[in-house]
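Colleague: I am new to this structure and would like to learn how to read its features. Could we take them one at a time?

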Amino acid sequence: MTPGSAEKKWIVGVDLGGTNIVVGLVPIEGGEVLGLRSQSTDSVKGAKFVVDRIVRMVNAAIDEVTAAHGTTRDSVAGVGMGSPGPLDRKTGTVINTPNLGWRNFPLRDLVQNAVHLPCTLDNDANCATYGEWWLGAGRGVDNLVGLTLGTGIGGGIVLNGEIFHGCSDVAGEIGHMTIDSNGRRCKCGNYGCLEQYASGPAIAVRAVEGIEAGAESMLEDMVGGELDAITAATVYEATVRGDPYAAEVMKDTAKFLGAGVASIINILNPEMVVIAGGVTAAGDTLFEPLRAEVRRRAFKSAQECCRIVPAELPGTAGVVGAAGVFKMENYGSV
Ligand SMILES: [Zn+2]
């Protein structure tokens, strides 16, 4: 797709998640996201509702930014979208997303036809990783792996400045790396996936199991005895308040993650592993035992050249990366 003749200043980035849709304009040369907005996805209202909401948000963001800069819609090159997958980038189709309830849904073309701008589609975790590589923690690095710890664990791989997609766009599903062959059942159908140990809900589940088995912790009082109300954030808060049991749960989380990250480092030998998501608010409580576990497990020369760092674009990495994917696909580089 050839960009038009008018000078292009921005690319719209769309980060479609199971909970929220985030949209903003990213300067083609890189820089601060403009016209940033977020709305709930409300996927229960149906696919058409979600597409209409994306289209309205894209148009509103374009109108706001172009008006503020005294230019027109012609200065927008196109729209890069990130969506939960698996998906088919060539056809722009979301193959299956349990969170949104979509099957073989032609998301890219529906948005493209409604906004009358060229669109691209890639996996949301790939986009978040690419955003960190382009304008975040990974600036200037050639090879980088990204993990986003949230409701699940998303992953992305950037090799020599390009997202590595594999032969059917599945590459980078780091959350579904088996770390215990007889372990917990995962919603993907496998047993013992990393996601079942170190995602936000998994941290809460492990904390509750320990308390039910008799562990003493302030967590129980913090939720008024309602153990179901324990979340990863509660566990982290209890750790900060000096609860030894919560600290143990966080340390175990770091060990599980460390096992996964050590495998990634041995396989890909990247310069950087970027970790994003709410759990990273735990800071050194998470990163120190994580790095120690990686030191115990990975080849020395591989872990010595790899920095394990928190993400730098919380909330916007997906938008930035989706715009970066559009730029890469239409301009050949970012
Ligand atoms: Zn899995």
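Modeller: Let us begin with the salt bridge, which is a side-chain nitrogen of Lys or Arg within 4 Å of a carboxyl oxygen of Asp or Glu. This is a predicted model, in which local features need pLDDT of at least 70 and side-chain atom pairs count only at pLDDT 80 or more, while totals for chains, interfaces and linings use all residues. Residues are numbered from 1 along each chain as its sequence is written, and side-chain values use heavy atoms, with hydrogens and water left out.

Colleague: Which residue forms a salt bridge with aspartate 52?

Modeller: Side chains of opposite charge can pair when their charged atoms come close. Here aspartate 52 pairs with lysine 48, their closest N and O atoms being 2.9 Å apart. The two are four residues apart in helix α1 (residues 47–68), and therefore separated by about one helical turn; helices are DSSP runs of H or I with at least four residues, strands are runs of E with at least two, and both are numbered from the N terminus.

Colleague: Where do glutamate 329 and arginine 89 lie?

Modeller: Their side chains, those of glutamate 329 and arginine 89, meet in a salt bridge at 3.7 Å, N to O. Glutamate 329 lies in helix α11 and arginine 89 in the loop between β5 (87–88) and β6 (93–97), so the pair ties together parts that are 240 residues apart in sequence.

Colleague: How many residues of α11 are buried?

Modeller: Buried means under 20% relative accessible area, exposed over 50%, and partly exposed in between, with a 1.4 Å probe and protein chains only. In α11, 13 of the 15 residues are buried, so this helix is largely enclosed by the rest of the structure, whereas glutamate 329 is partly exposed at 42%.
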